[in-house]
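Take a look at the chain below.

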Amino acid sequence: MKADKGILVLYTGCSGVGKGTIMKQLLRREPTIRLSVSNTTRPPREGEIDGVHYNFVSREDFLALADDDGYIEHAEYCGNLYGTPKQQVEQLLAQGCSVFLEIEVQGGLQVMEQYPDVLSIFILPPSMEELERRLRGRGTEEEAVIRKRLAQAKTELAVADQYQYRVVNDDLNKAVDEVLTILHRHTQA
Ligand code: 5GP
């Protein structure tokens, strides 16, 4: 979606695919990119900072904002609620930023419906085996959670075809270059 000068970018990939690592490089290399900070009811992981990685909120507060129509989209993922606060995204778009929504597929589909001209990019793993290896290597989740996330990943991959662009994260630098090329194609036209 182009609002004045800003562009809304739907950026999705299954858990463990490396989309957070790609995102860090994107933020370093392209100053117009801003990452929307989501609200979540998930407890913080070690090292995660409230207001930076997520706004960590209670279920009650999350649902109150949903009732107030305060989210662009929201969804339940592996037992926790996640949502994109509307106000923050609108402000960033008005400033002319490229606003990335790093969200899962249910929310992604809601965004596509509401904003048909959103730029949508799906990050794919080289294979399911590699995804499992990365998810385990991260060491941040328990076995039951890893299994849940792997099952979820299979469902999510089925939706990748509905995204405008698919980028395989085989080589980090190559994946970052590809996302930037796509973004520039849409912002520097
Ligand atoms: P994690 O718990 O690993 O941080 O995130 C789990 C999944 O939720 C990831 O796929 C992540 O991209 C997604 N997610 C993060 N924020 C949001 C959001 O605001 N809305 C939706 N729908 N998904 C989100």
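The protein chain carries 22 positive and 29 negative charges, and their mean positions lie 6 Å apart. Lys and Arg count as positive, Asp and Glu as negative; His and the chain ends are left out. Each charge is placed at NZ of Lys, CZ of Arg, CG of Asp or CD of Glu.

This is a predicted model: local features need pLDDT of at least 70, side-chain atom pairs count only at pLDDT 80 or more, and totals for chains, interfaces and linings use all residues. Residues are numbered from 1 along each chain as its sequence is written, and side-chain values use heavy atoms, with hydrogens and water left out.

Now the overall form. The C-alpha atoms fill a box of roughly 45 × 40 × 30 Å along the principal axes. The radius of gyration is 16 Å, which agrees with a compact globule, because 189 residues in such a globule would give a value near 16 Å. That radius is taken over C-alpha atoms, and the globule rule is 2.2 Å times the number of residues to the power 0.38.

The accessible surface comes to about 9,800 Å², and 48% of this surface belongs to carbon and sulfur atoms. Areas come from the Shrake-Rupley method with a 1.4 Å probe; for residues, only the protein chains shown count as cover. Of the 189 residues, 47% are buried. Buried means under 20% relative accessible area, exposed over 50%, and partly exposed in between (1.4 Å probe, protein chains only).

Consider contacts (heavy atoms within 4.5 Å). Among those with a separation of 6 or more, 68% link residues 24 or more positions apart.

The chain has seven helices and ten strands. These are DSSP runs, numbered from the N terminus: helices are H or I with at least four residues, strands E with at least two.

How many residues of strand β9 are buried? Six of six, across residues 119–124. L119, I121 and I123 point one way; S120, F122 and L124 point the other way.

Strand pairing needs at least two DSSP bridges. Strand β2 (residues 6–13) runs parallel to β9, joined by five bridges. Here V9 stands opposite L119. Strand β10 (residues 165–168) also runs parallel to β9, with four bridges. There I123 stands opposite V167.

Finally, turn to helix α2 (residues 59–67), which holds L63. L63 counts as partly exposed because its relative accessibility is 41%. L63 and V111 are 48 residues apart in sequence and 19 Å apart in space, C-alpha to C-alpha.
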